[in-house]
Amino acid sequence: MSKKILLLAGDGIGPEIVNEARKVIDCVNEKMSLELAYEEGLMGGCSIDAHGVPLTDETIAQGRASDAILLGAVGGPKWDTLDRAIRPEKGLLKMRAELDLFSNLRPAILYPQLADASSLKKELVADLDILIVRELTGGIYFGEPRGIRILENGERQGYNTMVYRESEIERIGRNAFEVAQKRGKRLCSVEKANVLEVSGLWREIMEGLAPEYSDVELSHMYVDNAAMQLVRGPKQFDVVVTSNLFGDILSDCAAMLTGSIGMLPSASLNSDGLGMYEPVHGSAPDIAGQGVANPLATILSVEMMLRYSLGMAEAADAIAAAVGQVLDQNLRTADIFSEGMKKVSTSEMGDAVVDALMA
Ligand code: IPM
Ligand code: MG
């Protein structure tokens, strides 16, 4: 049966990197007869330019009707001065909420070929393989009430609310335990239970789930300590589960440990297996249109998509191997370039992955 992918190239470097990912999809599609079909849609600044809003109901419907979504990146200075309610980021947040993509998997893997790119000492990051499971449709990102109000003295006050209901904590918790069972069987739950009630509840629910996953070792860490431990000794972590805001922050930190945020894919999944896949990096407007962006995070997002939403593990393995090969060939885009390597453009990198797949 054919599977349908929705391509949302987005803004900035989005169209360039999604174009390379598309070459890779075309290649495995043909070579392995996968019967993948795709259509395109608009989300982010490009949708604002075309329709006045960052995400239309039509695009949401396109997403619902797909088996998986591949996103480039959204946002850029052109739209930064717009009202918060219609900024490009709102499109992304709305898609996450509408499709109930509550589980955000953000791996931080250090490729041995890129060990020098990390800002940490080599021995601290060699063979690093962490997975951050970030709750993506709740918490302070979506909590009500929110806004800016005028106080009695005329001063303005901004406010947001960090809220989690038991069922939301339980579903991301179960998800993280299940992921940990398939990996190193260690799960660290990160919150701020020493200060926040919402975190106290989070910890209680995680503890309650633990007996059902007795093969997984559960630990708890406050988020400030977790940030410190991530840069002090990142290899102590296997799977980290945390709330929306903490996960946003910690996943950037974890990504940087690898020294190459341009290499990291992510998946946002709902309970039906539908997922939106995107590179961890942003739209990088400063280098857009120059053909220098690294397409590998997007290509590896295709790998995750084949694995998690489309049930095509063989094709996923082939892509992972092809990416390893281009690194072994010393091909590097500017972001991961170092002395003695061969600098390539966005499209040369995409072509090299396709060549490796065909070899
Ligand atoms: C991310 C991004 C988004 C987030 C922004 C663009 C809304 O930082 O996916 O990590 O905060 O979730
Ligand atoms: Mg972020």
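The lining of the largest pocket has 28 residues, and Glu 89, Leu 92, Leu 93, Arg 96 and Tyr 141 lie nearest the pocket's centre. The model is predicted: local features need pLDDT of at least 70, side-chain atom pairs count only at pLDDT 80 or more, and totals for chains, interfaces and linings use all residues. Residues are numbered from 1 along each chain as its sequence is written, and side-chain values use heavy atoms, without hydrogens and water.

A pocket is an open set of points on a 1 Å grid over the protein atoms alone, where a 1.4 Å probe fits, with protein on both sides within 12 Å along at least five of seven lines; lining residues have an atom within 4 Å of a point. The volume of the largest pocket is about 780 Å³. Its lining divides into 11 nonpolar, six polar and 11 charged residues. Helix α4 gives the largest share, five residues. Helices (H or I, at least four residues) and strands (E, at least two) are DSSP runs.

These elements each supply at least two lining residues:

| Element | Residues |
|---|---|
| α4 | 88-98 |
| β6 | 147-150 |
| α9 | 244-257 |
| β12 | 275-279 |

β12 pairs with β11 in the antiparallel sense over five bridges; pairing takes at least two DSSP bridges. Tyr 277 in β12 is the bridge partner of Ala 267. Ala 267 in β11 is also the bridge partner of Leu 105. Strand β4 (residues 103-109) runs antiparallel to β11, joined by three bridges.

Methods:
Chains are lettered from A and ligands numbered from 1 in the order in which they are written. Grid points are joined across faces, edges and corners, and a volume is the space filled by probe spheres set on the points. Ala, Val, Leu, Ile, Met, Phe, Trp, Tyr, Cys and Pro count as nonpolar, Asp, Glu, Lys and Arg as charged, and the others, Gly among them, as polar.
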